[in-house]
Amino acid sequence: MTGVKQHSLLMHWSLGFVVAIALAATLAPWLSPYSASGLEAKRILTPPSHEHWMGTDGLGRDLLTRVLYGARVSLTVGVGTAIIALVLGTVYGLIAGFKGGGTDNFMMRIVDIFYGLPDMLIFILLSLVFGRNIAGLLVALGLVSWVRFARIARGQVLQAKEYLFVEGARAIGASRGRVIWRHILPNILGPIIVTLTYSIPSAILAESTLSFIGIGINDPYSPWGTSWGTLAQDGYRAMRTYPHVIFFPATAIFLTILAFNTLGNALRDRLDPRRT
Amino acid sequence: MLRFLFKRLFHGAIVLWIVATLTFLLLRLAPGGPFDRERKLPPEVLANIEAKYHLDKPLLTQYLRYLSAIAQGDLGPSYKYLDRGVGAVIADTLPTSALLGLLALLFALAVALPSGLLAAYFRGSWIDRACMFVASLGISMPHFVLGAVLIWVIALQLNWLQAGRWDLWESVLLPMITLGAAPAAYLAALLRSTLLETFGEDFVRTARAKGLKESIVVLRHALRLSLIPVLTVMGPLTAALLTGSFVVEYVFAIPGMGRFFITAVTDRDYPLIMGVTLVYTVLLVCANLLIDLLYGVVDPRIRAN
């Protein structure tokens with residue numbers, strides 16, 4: 001029993017954290033009195049203080065403001081990618097599972113090949129084509145992560161096809177679209193939502209990692225702000241003398257990914273009681 | 001057995017061909033070329049360069065030429081490292097990356113096997129909770145964050161090791177931990193949950209009822225069966241180690257293939273990008289083949305089929 005209680009406590013903390021980050025990202029311009037790009041020569045690399053809670057960076061910009069704006073990049077990339085992947089993958093998996101036979105076999109072979117290749121590798125290659133801005137990144141990441149949804153959706157459809165009510169709906173002459181939309185889809189939604197919660201942190205992780213090694217988003221004039229990964233890289237260079245510059249963005253990335261993963265675990269346990 | 005091997009090798013060759021073709025097409029689609037400079041090159045110079053690398057030929061000719069070259073093991077010239085070909089760059093850097101990846105994998109197994117076993121055996125105890133807490137942190141920690149933390153604590157504050165060197169035997173420790181931590185966490189959690197299922201199986205009860213020693217019941221009977229799911233994730237895990245090395249080699253300034261790949265991407269050194277991608281694919285195909293063979297070792301039923 002205590003396990004379940006602990007779990008729900010953790011889940012509430014994670015949910016709270018995710019909501020707080022989302023609010024901070026949306027309200028960034030109103031939350032902070034500073035501008036994300038406002039340079040000030042007098043306050044270069046100052047440690048955290050009363051005026052600047054997270055200190056300032058190498059160009060005298062307020063770090064807290066930059067981290068708040070960075071949340072916009074991370075959340076947009078995370079949620080956007082997950083939604084693109086969900087739509088692509090679920091439709092693909094539905095078709096494969098519903099058609100069955102040779103079509104299914106062929107379609108899943110393609111998924112297997114994609115699944116076996118390293119995400120980051122395909123992702124880097126795709127980002128060369130689609131450009132290093134948020135839109136290009138979303139497309140590239142979405143094209144990489146759809147395979148997970150395709151696998152889950154297909155497996156679920158194969159199961160759901162056998163349910164009696166699906167057979168019944170078919171027997172009374174319901175159209176194929178209606179069977180999929182009204183009878184199969186609602187029944188496979190649970191595992192897909194769990195996969196969605198896991199996709200968001202992996203996308204955030206991929207984006208921040210790429211930005212950290214300098215091949216992620218490269219768009220200094222973006223109204224979205226600078227990625228946490230780029231902030232962390234700036235801080236990494238100055239880590240020896242000014243550790244606060246890397247500490248805050250790195251912590252933000254870590255806590256956000258942790259919160260989403262914890263949420264995913266909690267959801268999975270709720271939707272799939274066999275696992276507990 | 002031979003037929004199985006042959007089939008898998010054939011399958012691997014097809015994967016390799018698909019990857020080669022897709023990479024070739026993707027890089028030709030990419031906007032901007034490797035010879036774009038701040039100051040535009042004179043058109044005659046550009047034409048000469050393109051003629052040298054056969055970029056002036058039709059796409060199909062380029063593709064066939066490229067395929068026949070890699071079939072003969074020639075990965076072509078690098079646009080950036082003019083004195084060495086892509087093959088030479090890879091030959092110089094692959095051993096470093098392979099060493100790091102292998103050590104990270106061993107580290108992950110060395111940590112995950114005992115901690116997963118202990119956590120499952122003492123289910124619900126403080127050992128279990130501590131292991132799983134650390135594992136959940138490890139899964140969520142990006143390589144570059146862990147790397148930075150390790151450098152900050154071990155190298156900068158405690159001065160135990162020096163970061164950014166690759167000439168001492170202990171230089172490998174921090175990168176190895178950084179690269180292996182996430183797989184270790186993942187494997188430990190996986191092993192724990194499969195062991196918990198296995199402990200409930202009839203054959204474990206039978207083994208106990210026969211009066212076998214507890215250590216033999218756990219290690220030889222339960223653990224062996226639970227290794228199958230661990231083997232299953234080894235393929236994706238190898239992929240994760242390969243790409244994780246991009247970041248780790250960058251953070252610790254290690255002269256490995258991953259770091260050269262990153263620079264190749266920034267420089268748009270297309271032949272080097274394609275070469276490294278192909279080497280990664282070959283490594284993955286081999287790893288998966290090895291894993292399939294290991295299945296037979298762990299589970300005799302699979303060998304029979």
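The C-alpha trace of chain A extends over about 75 × 50 × 30 Å along its principal axes, and 45% of its 276 residues count as buried. Of the contacts in chain A with a separation of 6 or more, 68% are made by residues 24 or more positions apart.

Confidence was examined for the model and for chain B. The model scores are ipTM 0.83 and pTM 0.86, while chain B has an average pLDDT of 84, with 96% of the residues at 70 or above. Among the elements of chain B, the highest mean pLDDT, 91, belongs to helix H4 (residues 86-121) of chain B, and the lowest, 68, to helix H12 (residues 300-304) of chain B. Where pLDDT is low, the predicted coordinates should not be read in detail.

Between the two chains, 31 residues of chain A are in contact with 34 residues of chain B. On the side of chain A that touches chain B, at least two residues each come from helix H3 (101-116), helix H4 (119-130), helix H7 (176-212), helix H8 (228-237) and helix H9 (244-271) of chain A, and H4(A) gives the most, with 8 residues. By class, this side of chain A comprises 24 nonpolar, 5 polar and 2 charged residues.

Definitions and conventions
Residues numbered from 1 in each chain as written. Chains lettered and ligands numbered in written order. Predicted model: local features only at pLDDT ≥ 70, side-chain atom pairs only at ≥ 80, totals over all residues. Buried ≥ 20, exposed ≤ 12 C-beta atoms within 10 Å, placed from the backbone. Contact = placed C-beta atoms within 7 Å. pLDDT = per-residue confidence, 0-100. Helix = DSSP H or I, 4+ residues; strand = E, 2+ residues; numbered from the N terminus. Nonpolar A, V, L, I, M, F, W, Y, C, P; charged D, E, K, R; others polar.
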